[in-house]
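Hi everyone, thanks for coming. Please have a look at the picture, and then I'll walk you through it.

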Amino acid sequence: MTTAELSPFDHRMAVFDSDDGFLAAALPFLGEGLGASGEPPPVAIAAPRNLDLLRDALGPDAKDVTRIPHTDWYTGSAANAVARAAAYLTAQAGPGGRIHLVMEPVWSGRAGRSARETTEWIRYEALANLLFAPLSTTALCAYDTRTAGPAVVAAARRTHPDTEVYEDPLRLAAELDAVPLPLPPAGARTLAEPHAAAVRSWAVGRGLPVADAELFAAAVAETAAALAPLGADALLWGEAPGCVCELRSARRLDDPLAGFVPPAAGPEPGPGLWYARQVCAYVDIRDDAGGATVRLQYA
């Protein structure tokens, strides 16, 4: 098969409520990957106990399946997961991104710890259909109802093309962004020029360790440069580790993938919103008639 003949991104979903249910979904999928001519060995990114189940069930074939604990893969924000997946596919996948991946998010950990966090991971699942569209990767997202609740599963179904309720990723992202941001507190500090030194000094004063304050200040400065011209003073509030900066651009962004796609050129890990999304736990963007509001929360 030539690169021109490769299939587009194949984004599937499996829902199960038992060990047997997990194996019933994962084993045929991995077998499909093992039988794919010219494709690297398939990968299972899952809970450690599920990796043990796979090892025992695969028998001799277990040596041909790369097994990665999902707690080693999903270690940060949803944007970090996008970057990790992109880097892994570049290094390990076959031509055009060919590889089979079982992917089980850590819904009992960071991804499911709050409605706010869950929203970010649902956004990640939706935008994956756009971010990885050029690739010939086949992914099976595994949802264990023993750890992912019914609301999470219902939302995730809307992000997978093989379900009957799949929705256009742009429409789903717009729905998530239609929720208004909470108003900044009355005592928020204003900065006419959000220079890194001023933000760093403020963040240290709010309890962030110096190294974290450096990262947060750099994220603010990079974002401010990407949003220029700014349409209002920057606002700062919060206590460590949840330090927040809100920036106002005089222009709309109109791009649901803003900050999820690495820049084509520039210093690593990347300027602007890409850098901010890699550093901060949350980056919220809201467009309106007068421009865009971008809110960065460090943790």
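Helices and strands here are DSSP runs, H or I of at least four residues for helices and E of at least two for strands, numbered from the N terminus. This is a predicted model, where local features need pLDDT of at least 70, side-chain atom pairs count only at pLDDT 80 or more, and totals for chains, interfaces and linings use all residues. Residues are numbered from 1 along each chain as its sequence is written, and side-chain values use heavy atoms, with hydrogens and water left out.

Let's begin with one residue. Glu175 sits in helix H7, residues 169-177. Is Glu175 buried or partly exposed? With a relative accessible area of 40%, Glu175 is partly exposed; buried means under 20%, exposed over 50%, and partly exposed lies in between, using a 1.4 Å probe and protein chains only. Setting aside residues up to four places away in sequence, Glu175 touches Arg158 and Glu167, where contact means heavy atoms within 4.5 Å.

Now to the inside. A nonpolar core is a set of buried Ala, Val, Leu, Ile, Met, Phe, Trp, Tyr and Cys residues joined through side-chain atoms within 4.5 Å. The largest one has 37 residues, and those touching the most other members include Trp73, Met103 and Tyr124. Among the elements giving two or more residues to this core are strand E2 (43-46), helix H4 (78-92) and helix H5 (115-131). Its largest share, seven residues, comes from H4. Beyond its neighbours within four places in sequence, Met103 is in contact with several residues, including Ile45, Trp73, Tyr74 and Tyr124. There is also a second, separate core of 30 residues, with Ala203 and Cys280 among them.

Finally, helix packing. Axes are lines fitted to C-alpha atoms, for helices over the stretch in contact, and angles run from 0 to 180 degrees between N-to-C directions. How do H4 and H10 pack, and at what angle? H4 and helix H10 (residues 272-279) pack at about 110°, with axes 7 Å apart. That makes H4 roughly perpendicular to H10; under 35 degrees counts as roughly parallel, over 145 as roughly antiparallel, 65 to 115 as roughly perpendicular, and the rest as oblique. Ala79, Asn80 and Ala83 in H4 meet Trp274, Arg277 and Gln278 in H10.

For another pair, helix H1 (residues 19-34) and helix H2 (residues 48-58) pack at about 60°, with axes 10 Å apart. That makes H1 oblique to H2.
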